[in-house]
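The sequence and structure are shown below.

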Amino acid sequence: MMKMNYLFRMVVVFSGIGLLCVVGNKNAFAHCDTLDGPVAQTARMALEKGDIAPLLKWVKADDEKEIRVAFQKTLAVRAKGAEAKI
């Protein structure tokens, strides 16, 4: 009988922990991943000034070339007018 109570308690405890893991699991996003985060703010400033240098602190060295190309394309589109900036 004692083993049954112990087993029952263990099942209840582990089921509760499992339930908390499933129910309590929420997506977490870093502030950096939002449109108000520091990466987006730095990108906006870089585009306004036409200077990519401040933005490169957020970029891995391996990705720098791709980011530079995308930045230049973005500047070219934004130069077409205010509507293109949106």
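A residue is called buried under 20% relative accessible area, exposed over 50%, and partly exposed in between, with a 1.4 Å probe and protein chains only. By this definition Thr42 is buried, with a relative accessible area of 9%.

The model is predicted: local features need pLDDT of at least 70, side-chain atom pairs count only at pLDDT 80 or more, and totals for chains, interfaces and linings use all residues. Residues are numbered from 1 along each chain as its sequence is written, and side-chain values use heavy atoms, with hydrogens and water left out.

**Overall organisation**

The chain holds four helices and zero strands, in the order α-α-α-α along the sequence. Helices (H or I, at least four residues) and strands (E, at least two) are DSSP runs, numbered from the N terminus. Buried residues make up 12% of the 86 residues of the chain. Contact means heavy atoms within 4.5 Å; among contacts between residues at least 6 apart in sequence, 19% join residues at least 24 apart.

**Packing of H2 and H3**

Two packed helices are described by the angle between their axes and the distance between the axes. Helix H2 (residues 38-49) packs against helix H3 (residues 64-78) at an angle of about 60°, and their axes are 10 Å apart. H2 is therefore oblique to H3. Angles under 35 degrees count as roughly parallel, over 145 as roughly antiparallel, 65 to 115 as roughly perpendicular, and the rest as oblique. The axes are lines fitted to C-alpha atoms, for helices over the stretch in contact, and angles run from 0 to 180 degrees between N-to-C directions.

H2 contributes Ala46, Leu47 and Glu48 to the contact, while H3 contributes Phe71, Thr74, Leu75 and Arg78. These residues divide into four nonpolar, one polar and two charged. Within this contact, the side chains of Arg78 and Glu48 are joined by a polar contact of 2.8 Å. A polar contact is a pair of N or O atoms within 3.5 Å; within protein, one must be able to donate a hydrogen and the other to accept it, and residues adjacent in sequence count only if both atoms are side-chain atoms. Arg78 of helix H3 is buried, with a relative accessible area of 14%.

**Surroundings of Thr42**

Thr42 belongs to helix H2. The side chain of Thr42 reaches the backbone oxygen of Pro38 at 2.7 Å. Leaving aside neighbours within four places in sequence, Thr42 is in contact with Pro54, Leu55, Lys57 and Trp58.

| Pair | Separation in sequence | C-alpha to C-alpha distance |
|---|---|---|
| Pro38 and Trp58 | 20 residues | 9.4 Å |
| Pro54 and Val39 | 15 residues | 9.8 Å |

Conventions. Ala, Val, Leu, Ile, Met, Phe, Trp, Tyr, Cys and Pro count as nonpolar, Asp, Glu, Lys and Arg as charged, and the others, Gly among them, as polar.
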